Amino acid sequence: MLKLLIVEDEPYYRSTLQQEISTHTNLFSVIETAANGKIAIDIAIKLCPDIVLLDIDMPVMDGISCGEVLKEYFPACRIIYLTAYDRFEYALGAVRLGAANYLLKPCFTQEIVDVLTEEAAKLQGPATPPRPQQTDAATTEALKKSGICRNIEIYLRKNYAKDISLDSMSADMGFSSAYFSKIFKVYMGQNFSDYLMGIRVEAAKDLLENSQMNVKDIGANVGYSNPNYFAKVFRKIVGVSPLEYRQERQNHPDGQP
């Protein structure tokens, strides 16, 4: 079996990665962690890892510098970079220089497991030609956003009806609230509250059109326990109250006046 080293400076995210990987895959006999590049090198010398999951933006020694040293000591080691928006170009450069792969943060467990499985197969089986790295401006921009946006969208579509907040979502994804607030607006084009509000109102519109539920229950089903606040939010976005919207849709089901 293989040995994995996780290098991540945020304690919560580091422990979450270790726990989730050990729970969802049996690829590794050993999973060690390190809080920065310098500690990672010390551990790696004793561990001789097969795969390193390596954050780019860390104190003391950043991921790119750490990766260069690790490749000198362990040429066969597969290095997978964890990177956010403002370090994306660094990850692309690292891949061109020999890193195995990269993941855009925030990323979900299945994405991580899929990439780890892919790299483990390369270590255990015949050599696989590296996939081509397109780095034109349009492709780079699409890669920056696609994984992040998908993960955020999946999380919110799954949890919008719950009592969620920026703080709870950032904690679930292993980030500080301040950092996650910043990347959320960069990737999604809106702040967290406005984006969540839009998802909830779209879900409410669907229930108003396609169910017999009363307005109060619909509000509760999309995350608003206070019916007055639900009506206020709905009117702000749609321009009419929930009841008026339902009546309009009943009178004009094709959307025409």
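Me: Is E248 buried, exposed or in between?
Reply: E248 is partly exposed, because its relative accessible area is 41%. Here buried means under 20% relative accessible area, exposed over 50%, and partly exposed in between, with a 1.4 Å probe and protein chains only. This is a predicted model: local features need pLDDT of at least 70, side-chain atom pairs count only at pLDDT 80 or more, and totals for chains, interfaces and linings use all residues. Residues are numbered from 1 along each chain as its sequence is written, and side-chain values use heavy atoms, with hydrogens and water left out.

Me: Which element holds E248?
Reply: Helix 12, residues 242-251. Helices (H or I, at least four residues) and strands (E, at least two) are DSSP runs, numbered from the N terminus.

Me: How far is E248 from E209?
Reply: Their C-alpha atoms are separated by 9.6 Å, and the two residues are 39 apart along the chain.

Me: OK, whole chain. How many helices and strands?
Reply: The protein chain has 12 helices and 5 strands. It has 257 residues, and 43% of them count as buried.

Me: What share of the contacts is between residues 24 or more positions apart?
Reply: Among contacts in the protein chain with a separation of 6 or more, 65% are between residues 24 or more positions apart. Contact means heavy atoms within 4.5 Å.

Me: What is the strand order in the sheet?
Reply: The open sheet has 5 strands in the order 2-1-3-4-5, with parallel pairing. Strand 2 and strand 5 (101-104) are the edge strands, each pairing on one side only. From one strand to the next the twist averages 20°. Two strands pair if DSSP finds at least two bridges between them.

Me: How many bridges between strand 1 and strand 2?
Reply: Strand 1 (residues 2-7) and strand 2 (residues 28-34) pair over 6 bridges, in the parallel sense. L2 has F28 of strand 2 as its bridge partner, and L4 stands opposite I31 in strand 2.

Me: Now strand 3. Why is it called largely enclosed?
Reply: Because 5 of its 5 residues are buried, strand 3 is largely enclosed by the rest of the structure. Both faces are covered, with I51, L53 and D55 buried on one side and V52 and L54 buried on the other.

Me: How many bridges does strand 3 form with strand 1, and how many with strand 4?
Reply: Strand 3 pairs with strand 1 over 4 bridges and with strand 4 over 5 bridges, in the parallel sense in each case. V7 has L54 of strand 3 as its bridge partner, while V52 stands opposite I79 in strand 4.

Me: Where does helix 3 lie?
Reply: Helix 3 (residues 63-73) lies across strand 3 (51-55) and strand 4 (78-83), running at about 180° to strand 4. Axes are lines fitted to C-alpha atoms, for helices over the stretch in contact, and angles run from 0 to 180 degrees between N-to-C directions. Strand 3, helix 3 and strand 4 make a right-handed β-α-β unit.

Me: Which residues touch the most other members of the largest nonpolar core?
Reply: L5, V7, V52, L54, L70, I79 and Y81, out of 20 residues. The elements giving two or more residues to this core are strand 1, helix 2 (37-47), strand 3, helix 3 and strand 4. Helix 2 gives the largest share, 4 residues. Apart from this core lies another, of 19 residues, including I21, L27, L82 and C107. A nonpolar core is a set of buried Ala, Val, Leu, Ile, Met, Phe, Trp, Tyr and Cys residues joined through side-chain atoms within 4.5 Å.

Me: Last topic. Which side chains make polar contacts with E153?
Reply: The side chain of E153, a residue of helix 6 (residues 137-159), makes a polar contact of 2.7 Å with that of R157 and one of 2.3 Å with that of Y195. A polar contact is a pair of N or O atoms within 3.5 Å; within protein, one must be able to donate a hydrogen and the other to accept it, and residues adjacent in sequence count only if both atoms are side-chain atoms.

Me: And R157, buried or exposed or in between?
Reply: R157 is partly exposed, because its relative accessible area is 45%. R157 is also in helix 6.

Conventions
Right-handed = clockwise from strand over helix to strand, strands pointing away.
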